[in-house]
Amino acid sequence: MKRCVAGVLALAVCATVIGGSGNIQAAAKPKLSKKSIVLKGKGTAKTLKVTKASGAKITWKSSNKKVATVKKSGKYGGKVTAKATKGKAVIRCQVKKGKKTVTLKCNVTVKKKESTAKPKASAPAANVPSAPATVPAASLAPSTAPTAPGPTPDLTSNSILKRYTGIFNYMGSSLNYNGWRGNQDLQDAKTLAFVKEHFNSFTLEDEMKPDTVLGGAWGATLISRDEAEALGYVIPESYTDSNVPRLNFETLDKVLEVAHKNGLKMRAHTLMWHQQTPAWFFAGNYRNGKNATPEVMDGRLEFYVRTVMKHMMDKEKALTGVSGSIIYAWDVVNEYVHRDNQPSSKSWADVYGDMGLAPSYVKKAFELAYDMLKQYGVQDKVVLFNNDYDTYFCADEIVALVNFINEGEEAKICGGIGMQTHVDIGRPTLDEYGVALDKFLATGLEVQITEMDVTINYDFEGETFQYKNKGQTNEDQAAFVGDLMRLIVKKHKDRNTVVNPKGVTGVTIWGLVDAMSWRKEMTPLLFGNSINEPKPSFYAFLDAAKIWMQP
């Protein structure tokens with residue numbers, strides 16, 4: 001009897017762990033008690049707590065100690081204290097449990113303490129109309145505005161999109177649906193109205209990167225192959241794993257719906273990257289530990305590229321009746337030339353080894369992506385890009401890589417070069433940038449400026465990659481922004497159109513406002529704390545378009 005009872009209990013435990021469908025679920029992930037908090041007044045404090053972190057080592061850090069500090073409070077808590085009367089900071093909590101580490105984030109806003117004193121009554125102003133609550137950005141003018149543009153129709157307003165109509169096909173920004181900083185650009189009506197005034201294209205900042213689509217670093221949620229096929233996933237013959245990672249398409253579906261409703265086009269970013277890809281994706285049986293073999297990864301690569309592209313193009317067709325109607329460009333591979341900039345992170349190179357400028361798996365990714373475009377009949381209107389940063393210091397390597405990708409192919413399957421353009425007013429020089437752009441245009445491939453921001457007071461010389469007060473001003477930034485945009489426009493205008501018919505086809509600014517930038521301390525964008533605060537660089541950016549009309 002005891003043996004029978006023990007056997008029944010054991011089976012019950014197994015059934016509970018395994019689950020009725022045989023799915024393997026990820027371990028419960030730790031979470032912060034709040035994703036954002038508001039502290040009203042200097043010295044006020046609130047405590048964050050980490051749940052589901054039993055046995056984990058926890059460390060806390062503030063992005064801006066002048067605004068808010070954080071100290072450990074209890075076993076799993078962190079006390080956040082305001083150190084300024086107003087400002088913003090991000091509290092990061094690193095949770096390490098065994099070999100797994102996850103970083104949690106909480107946005108902190110410090111506001112002035114509300115006064116409890118009753119305001120004194122004042123006499124009403126006589127017949128003075130009230131000012132509008134907000135002033136449209138287009139109506140604002142700097143105290144030292146550039147000379148008004150000439151009579152050309154495309155240069156008559158303070159709209160980025162209108163100023164550059166007829167010069168570049170696409171003017172874009174990076175946007176978020178559910179940004180970790182609290183920026184929900186694609187859900188906010190006022191922000192969307194601003195976006196449509198200035199841009200016709202956008203790139204998701206993080207929400208289409210592999211880490212997000214695959215479900216994060218903490219662990220895989222695995223489903224059976226039958227379940228995956230029922231969801232529309234592509235399970236190729238090369239795929240040898242018995243289970244399949246469940247992919248997160250919910251946000252991407254909503255993003256495409258917003259894009260369609262608002263007449264915006266999208267750059268899909270990105271299919272393959274050595275960063276922001278969970279380590280478990282490269283492990284045998286999707287368990288952190290021993291690396292998968294190149295043969296296994298070949299199958300996973302094909303599964304991921306085909307499934308993601310199929311889902312997005314099917315969704316486009318459902319919304320508009322035609323695939324390729326919203327997404328006009330795909331960053332197939334991101335930052336391959338800089339694949340060693342996070343050596344501690346497990347990546348594609350850990351499986352395939354360092355293949356220099358002839359990486360077979362990168363070429364395979366482009367071949368798969370191009371084949372998907374052909375299946376949907378959109379290969380002549382959707383372009384596949386290789387995207388990288390600091391391209392002005394490695395232009396020859398970029399050219400060698402795209403030549404390898406296209407070598408022996410039926411067409412130029414890599415049809416575009418993405419220049420990220422995260423620059424500083426002191427790095428690179430305009431000459432260095434121009435030489436690289438010339439080399440890319442000489443390939444005959446179209447070029448896009450994919451992630452433009454321009455920092456000031458940035459400590460790149462000391463390699464701390466942080467803010468350093470150099471006394472640089474918004475006016476210094478504006479001067480560089482104007483020079484850089486005039487350079488890009490002129491290179492595009494003066495190119496050999498026989499060698500390169502398309503030239504520079506788009507410019508994407510990496511964010512809307514400094515306050516929400518990933519490099520906000522170095523104020524890299526055209527607007528300050530809000531879309532109603534244009535900086536001198538905004539007007540310099542607009543003014544640079546006039547060079548297009550000059551002989």
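The largest cavity in this predicted model has a volume of about 80 Å³. A cavity here is a set of points on a 1 Å grid over the protein atoms alone where a 1.4 Å probe fits but cannot get out; grid points are joined across faces, edges and corners, and the volume is the space filled by probe spheres set on the points. The structure holds four cavities of 30 Å³ or more.

Lining residues, those with an atom within 4 Å of a point, include Met 272, Trp 273, His 274, Arg 339 and Tyr 361 for the largest cavity. Two or more lining residues come from each of strand 13 (265-273), strand 14 (327-334), helix 8 (348-352) and helix 9 (360-375). Helices (H or I, at least four residues) and strands (E, at least two) are DSSP runs, numbered from the N terminus. By residue class, the lining of the largest cavity divides into eight nonpolar, three polar and one charged, where Ala, Val, Leu, Ile, Met, Phe, Trp, Tyr, Cys and Pro count as nonpolar, Asp, Glu, Lys and Arg as charged, and the others, Gly among them, as polar.

Now to strand 16. Strand 16 runs parallel to strand 15 (residues 383-388), joined by four bridges, and Phe 385 has Gly 416 as its bridge partner. Strand 16 also pairs with strand 18 (residues 446-455) in the parallel sense over four bridges; pairing requires at least two DSSP bridges. In strand 18, Glu 446 stands opposite Gly 416.

Residues are numbered from 1 along each chain as its sequence is written. Local features need pLDDT of at least 70, side-chain atom pairs count only at pLDDT 80 or more, and totals for chains, interfaces and linings use all residues, while side-chain values use heavy atoms, leaving out hydrogens and water.

Note on methods:
On a 1 Å grid over the protein atoms alone, a cavity is a set of points where a 1.4 Å probe fits but cannot get out, and a pocket is an open set with protein on both sides within 12 Å along at least five of seven lines; lining residues have an atom within 4 Å of a point.
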